[in-house]
Amino acid sequence: MADIVKDATDALKEVSDAGTQVVQGWYRKDINVTHVTLWDLGETDDGHSDDDAEGVQLSVQVTIFSKEDEVALTAKIKKLMKKHGFCFEARNADDSEPQNGIYMKAQRFNKFYEESEE
């Protein structure tokens, strides 16, 4: 079974190696510095042939939570995710105003996984 959170974590290894925590889930108050969260958005069957799906399309949201507007980190994440086979879907349009002093930059990606013959 494909694990999009693991694949996204692997794709963002350069970010975590540079000191920014990459965690599964949502905003973490206990992490009082910039951190990146990964949220599994689900799956859809894809690539239908003869009424059977040839694989699944999994989606993940990658969100940066920070006290600064992390434009450069957003671009880096997009580049790394695409480099590792993810397709960029969208980014939140109005995420430059902080809520409670915390900026949130969310991007959505998807990745196709072929069905394995068993």
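Modeller: Gladly. Helices here are DSSP runs of H or I with at least four residues, and strands are E runs of at least two, numbered from the N terminus. On that basis the protein has 3 helices and 5 strands. Their order from the N terminus is α-α-β-β-β-α-β-β. Please keep in mind that this is a predicted model.

Biologist: How do you know how confident the predictor is in the protein?

Modeller: The mean pLDDT is 87, and 85% of the residues reach 70 or more. Confidence is highest in helix H2 (residues 13-17), at 98, and lowest in strand S2 (residues 35-49), where the mean is 80.

Biologist: Why is threonine 63 called buried?

Modeller: Buried means under 20% relative accessible area. Threonine 63 has 0% relative accessibility, so it counts as buried. This residue lies in strand S3 (residues 52-66). Leaving aside neighbours within four places in sequence, its contacts are Trp26, His35, Val36, Thr37, Met104, Lys105 and Ala106.

Biologist: And glutamine 61: what makes that residue count as buried?

Modeller: The same cut-off of under 20% applies. Glutamine 61 is at 7% relative accessibility, and therefore counts as buried. Glutamine 61 is also found in strand S3. With neighbours within four places left aside, glutamine 61 is in contact with residues including Trp26, Trp39, Leu41 and Arg108.

Biologist: What makes the link between the side chains of glutamine 61 and threonine 63 a polar contact?

Modeller: A polar contact needs a pair of N or O atoms within 3.5 Å, one able to donate a hydrogen and the other to accept it. The side chains of these two residues are joined by such a contact, of 3.1 Å.

Biologist: Why is glycine 42 called partly exposed?

Modeller: Partly exposed is what falls between the buried limit of under 20% and the exposed limit of over 50%. Glycine 42 has 29% relative accessibility, so it counts as partly exposed. Glycine 42 lies in strand S2, and beyond its neighbours within four places it is in contact with Gln57, Leu58 and Ser59.

Biologist: How do you know that the buried residues of helix H1 (residues 4-11) are on the same side?

Modeller: Those buried residues are Ile4, Val5, Ala8 and Ala11. They cover an arc of only 120° around the axis, so they sit on the same side of H1. At the start of H1, a side-chain oxygen of aspartate 3 comes to within 3.2 Å of the backbone nitrogen of valine 5.

Biologist: Which residues touch the most other members of the largest nonpolar core?

Modeller: Of its 21 residues, those are Leu12, Val36, Val62, Ile77 and Met81. H1, S2, S3, helix H3 (71-83) and strand S5 (103-114) each supply at least two residues of this core, and the largest share, 5 residues, comes from S3. Valine 62 is in contact with Leu12, Val36, Ile77 and Met81, among others. In soluble globular proteins, nonpolar side chains tend to be buried together.

Biologist: And how much of the whole protein counts as buried?

Modeller: Of the 118 residues, 38% do. The protein exposes about 7400 Å², with carbon and sulfur atoms supplying 45% of that area.

Technical notes:
Residues numbered from 1 in each chain as written. Heavy atoms only, no water. Buried < 20%, exposed > 50% of the residue type's maximum accessible area, 1.4 Å probe, protein only. Arc of directions from axis to C-beta. pLDDT = per-residue confidence, 0-100. Areas by Shrake-Rupley, 256 points an atom, 1.4 Å probe, with all protein chains shown as cover. Contact = heavy atoms within 4.5 Å. Core = buried A, V, L, I, M, F, W, Y, C linked by side-chain atoms within 4.5 Å.
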